[in-house]
Amino acid sequence: MAAESDDWSRPSPIRPRDSQVSLGTGPWRPSSASTSTTHRRAASDNVSLMSQSLAEEIVDFTRHSTALSEPQPWLDLGTDTPAGHSATNPPAHWTEDGDIGSKSLTASPNLTAGAPQSYHASEQFGNSPAPTFQADRPRPAPMQFEEVKTDPYPPPGSSQPMFSPRGRFQHSRTDSRANLLPTPSTTAWRSPRTPPPYSAVMPPPKRRWFRWRPAWFMYLSFLFGICCAIGHHAFYKALDGRPAENQIAMLRYGAVLAFATKAGLVAAIVIAYKQRIWTTVRNKFLSVAALDSLFAATEDFMALLNVEVYRRAKTTMLLAVLVWLTPIVIILTSNTLVVEPALRVDDTRCPGIRSLNFDREGREEWRTPTRVNGITGLSVSLWNKTADESSPDWFDYYTAPSDQFVMLAYSAAYRGRALPKTDANLDICGPGWNCTYTINFTAPAYKCSELASGVGSDIKPLGDQKPPDGFSTKLLIPEGNYSYYAYATGGDYASTQMNDTSPGGILKTPPPFPATLGAFRTEPVVWIGYSVRADSDERGPLNKSMPGWDDAYIPKVMACENYETAYTVDFNLINGQQTTNVTQRKFLRRIIDTNWMQDEEADDGTNDETTASPKNNYVYPRDTYRYRRVAAFHSIGSQLRHFVNGTIDSQAVDKPISNTKAVQTKLLDPMRDYFASADLMGLVQDFYEDMILSFFSNPQFLSVVWAVRPDEASGVGAGDEATMYPCVRSRSENVFRYRERDLWIVYSLAILLALGAVVSGTLAILENEGLLRSTRFSSIVAATRGPALEKLGWAGLESRGDLPPDVKRLKVGYGIVQKPGGLGVLQEDTGYPESMSWDGGDVRYGFGLEGDVRQTKSEASLFRQSARVRYSTGT
């Protein structure tokens, strides 16, 4: 007895479900066998429920559910004991479910089914008589608790004896994997005579720093899809504009990212869809056929053809349709990376780019010529000498342009453009490339001016120089006979300076030699008179006898001087063809700053009768550097003057008589009866520049140098790293093009739809008591086990393997299914959420026919179980 007393008096710890045990107020009375009923909710919750129909208020507890590890004795409350039975009442225990709010009275396994159990209840707790004990023992405290080791999920196959007021035990086997609504745990407590006047507050249990929540998978899948979409964009952005190398591999990588994006978004949508399924069946009744379609909509396309499911589950079916449409994401994003030809432009440096430097002509000694890579350099001039090198009167003097340059000038004149260097594209740009570059150099150029225009107009002087005697517009049609009249030899250098010479120009005349021997006295001015048609589109009269002759042609006069000029030239090497464009000409000075005095003839002992002023600006042979440099410019100019000099007689326009080599150049148009173009001044300058730029076609000339090292003759060899010069290389190649706008239109739409699905799934999880539901086999079995659906005729037609149509039309819903027991009396208004009491029966969650199921609507958070439950009848 002492030990028993100690057991009653020993305090027991209280372990509430959360942080506090809520104790109800008001008097407490034990229930008699005639006024209390017991039932179990076993389908999805595995929770024993008790409903008490007492007139008095019941103390409400919230605790973790448990099964007692061992029976605990009850105190004898003074009740008469039948013969043959112990004076001590059989041990029994109250258990309660903190989640659902239901209670059950669990009997010890020592009880027998036939043992009588009675509990005295008085009308008022304060007036209840003192209990009668058959043996002396201490009176128990008003309420005593004991801690019982609990297991909220008994192992599969375990059994629990359940006490029923009808005096029998009910054993149920439970499996936690079959629970759609997990059963919370409770704490067993020993029923006292009076309720405790306090609330026990215990510290909350320690929480781990991280705890996986199944609902997170939906959000992580959604974030994974977004990350893959961003990665897809970054990958294509890195490829944009790059050469299309390994095209198949790059497109495959993009397809993998698109598939990963689709997989992540679809995973989130499918999870949300499953939650919407359970929300729908918990709140609505659907036919069996509609349920088939609802559960199979994401896997069976035929399930989408059920009309009823769209009426009853619009949101759910919208998610199912979205799952079927998501493969479009892969299809539409596959063409956001394309391969197309594009012009690739690289601002870089190229080898082998050359320029011109005529200063080298001034420093060149033809007796010891410059050799580059074993090849002798070429000059543009030929030289004579006055005597043997041993004579003190020896010096070199100019004779004529070199044959190599003459050939170059003729080629440029006949082709009508600058001659390109052979394989310039390959040597400078590289295989498969085009390139452009700009160089600057100083070379001769003719500066032209128009001095007269129109019939009878006077010719203005060119600076201090007057036009040649007899040169006027009257020579030109319509007044004269010529359509072209050029005079380019006035004051020209005499190639034979002395008559009495030996081969090589050595003078037979003994020294002293004439002071002006070999001197450049002036540079001839090119005077050109030409007529143009007043109407360039009309041929006009063919001779003077035809009407309109006087008005059909306009005479013009122009003059050109040879200037030392700074050039800026763009070279374009495209597909093996060279084009040039002179972007700037800066005229620096006249080659020889003198004016020809045509009325005076020199008498200085030479064959050159030219007189020019001022004479002190003559260029003499003993000024070697300047003389040779001017000689180079004079040689180049002489070739232009050679081609432009002469006349064309056009008395019969359709039968012109040519006495000039200009007809072999681009200066005169044979398609217009060899009339000059209206822009003849520009053509003369271009013609001269063609000769100059043609030097690059033959790098053997001394004046052709490396652009990066202008003092070094280039020779005919290819350039190397030491000759790199700025250039722009370009070529047409296949490159990746990323259509960023198209990709983000597709992904933005997909992400927004998936976001809507996640929001819908989140709301569904809240409605499903904060639990993540699934449609696995175990979940379906747990929701359909029991006799609720056994009344249906599930046997289908063997030949078709399908259900009868009348069964498919039956309305089925998910909720609390009542299984009537012996009395079959429904106890309404039990005061416990989500519970119904049947005398001697069970209450469980599952599928059932309309009328057999009470559907519920729950309010919960994502991370805690339901807090309140509201009933709704499925209609």
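Okay, Arg 737: at 29% relative accessibility, this residue counts as partly exposed, meaning between the cut-offs of under 20% relative accessible area for buried and over 50% for exposed, with a 1.4 Å probe and protein chains only. Its side chain meets that of Glu 340 in a salt bridge, 3.4 Å from N to O. By salt bridge I mean a side-chain nitrogen of Lys or Arg within 4 Å of a carboxyl oxygen of Asp or Glu. Arg 737 sits in strand 28 (residues 725–738) and Glu 340 in strand 10 (residues 337–350), so this pair links distant parts of the chain, 397 residues apart. Glu 340 is partly exposed too, with a relative accessible area of 30%.

A word on what we're looking at. This is a predicted model, where local features need pLDDT of at least 70 and side-chain atom pairs count only at pLDDT 80 or more, while totals for chains, interfaces and linings use all residues. Residues are numbered from 1 along each chain as its sequence is written, and side-chain values use heavy atoms, with hydrogens and water left out.

Back to the charges. What does Glu 740 form a salt bridge with? The partner is Lys 237, and the closest N and O atoms are 2.9 Å apart. Glu 740 is in helix 14 (residues 740–767) and Lys 237 in helix 2 (residues 216–239), so the pair ties together parts 503 residues apart in sequence. Glu 740 is partly exposed at 30%, and Lys 237 is partly exposed at 43%.

Now Arg 641: buried or exposed? Buried, with a relative accessible area of 3%. The Arg 641 side chain still meets Asp 492 in a salt bridge, at 3.9 Å from N to O. Arg 641 belongs to helix 12 and Asp 492 to the loop between strand 17 (482–487) and strand 18 (526–533), so here the parts tied together are 149 residues apart. Asp 492 counts as partly exposed, at 25%. There's also a network: salt bridges with shared partners join Glu 365, Arg 367, Lys 385, Glu 389, Asp 396 and Arg 628. The overall count is 32 salt bridges.

Next, strand 14, residues 381–385. Four of its five residues are buried. Strand 14 pairs with strand 15 (residues 396–401) in the antiparallel sense, over five bridges; a pair needs at least two bridges found by DSSP. One of the details there: Asn 384 has Tyr 397 as its bridge partner in strand 15.

On to the nonpolar cores, meaning sets of buried Ala, Val, Leu, Ile, Met, Phe, Trp, Tyr and Cys residues joined through side-chain atoms within 4.5 Å. The largest has 82 residues, and Phe 441 and Phe 695 have the most contacts inside it. Helix 12 (residues 624–644) gives the most to this core, nine residues. Beyond its neighbours within four places in sequence, Phe 441 is in contact (heavy atoms within 4.5 Å) with residues including Ser 355, Tyr 567 and Phe 696. A second, separate core of 51 residues includes Phe 295 and Met 317.

Finally, the whole protein. There are 16 helices and 34 strands, taken as DSSP runs numbered from the N terminus: H or I with at least four residues for helices, E with at least two for strands. Of the 875 residues, 50% are buried. Among contacts with a separation of 6 or more, 74% involve residues 24 or more positions apart.
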